[in-house]
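Dear colleague,

I am handing over the structure below, and I would be grateful if you could look through it alongside the notes that follow.

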Amino acid sequence: MKRPVFAAGTLALALSACGNFADSLDQSEIPAYTKEWLREQHGQTLSFRNAAGQVRTVTVARKEQVLKGQSKGGSFETEVITVWYRNAPDSLLNLTLEARSNSIYVTRMGKTCGDIHTYKQAGHTSFNSYEKPRLGSPIVAQDTTIRNKTYRFLGRMGVPAAAHPTDTLTNVYFSRDEGLIGFTTKRGGLWHRQ
């Protein structure tokens, strides 16, 4: 009796047809399509302006590392990229993004906001907000125009309400091609990157 023979190309095609299955087999590296969402570099300064003409400046800190450890299966390595957004003097934004494999975890002042689950097909990247009440189903990033500028594959992440002396952060907006492009607050409205 003959056994079926599978060509390597057939197996690769079958794996690629399963969405991100083939990409997620190796959890130790962050794929390029995830890194595209983390554009800002260490020490970069970003400026945001609202409709009233007020300006907020945000400083970026970035760290790339490979964590090593042991498990029952042996030793392992995990690539991690962490990006911090801080604005002085009142730390209203105070966001942290941590990328592992094909997901980016978003926290604010140590509280989980949600995650950005990235895909090779850029239009499939989803934003999951954990704040209460939830935003509903995950938001799929798509081309969006804000103040006469169109951003490629923009997504919104709601943040949990937190006490703050000057304002309350409500949402943040990330673009695959430009990183953090804006955020909204209860008093100041939309703060758009300049």
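Phe48 and Phe183 are both buried (under 20% relative accessible area, with exposed meaning over 50% and partly exposed in between, using a 1.4 Å probe and protein chains only). Please bear in mind that this is a predicted model, in which local features need pLDDT of at least 70 and side-chain atom pairs count only at pLDDT 80 or more, while totals for chains, interfaces and linings use all residues. Residues are numbered from 1 along each chain as its sequence is written, and side-chain values use heavy atoms, with hydrogens and water left out.

Rings of Phe, Tyr and Trp (its six-membered ring) are paired if their centres lie within 6.5 Å, and planes under 30 degrees apart count as stacked, over 60 as edge-to-face and the rest as tilted. There are four aromatic pairs by this rule. One of them is the tilted pair of Phe48 and Phe183, at 5.2 Å centre to centre with 55° between the planes; it joins strand E1 (residues 45–49), which holds Phe48, to strand E12 (residues 179–185), which holds Phe183, across 135 residues (strands being DSSP runs of E, at least two residues, numbered from the N terminus).

The Phe183 and Trp191 rings have centres 6.0 Å apart and planes at 15°, so this pair is stacked, and both residues are buried. Arg56 lies over the face of Trp191, 5.1 Å from the ring centre (the rule asks for NZ of Lys or CZ of Arg within 6 Å of the ring centre and within 35 degrees of the ring normal).

Technical notes: Helix = DSSP H or I, 4+ residues; strand = E, 2+ residues; numbered from the N terminus.
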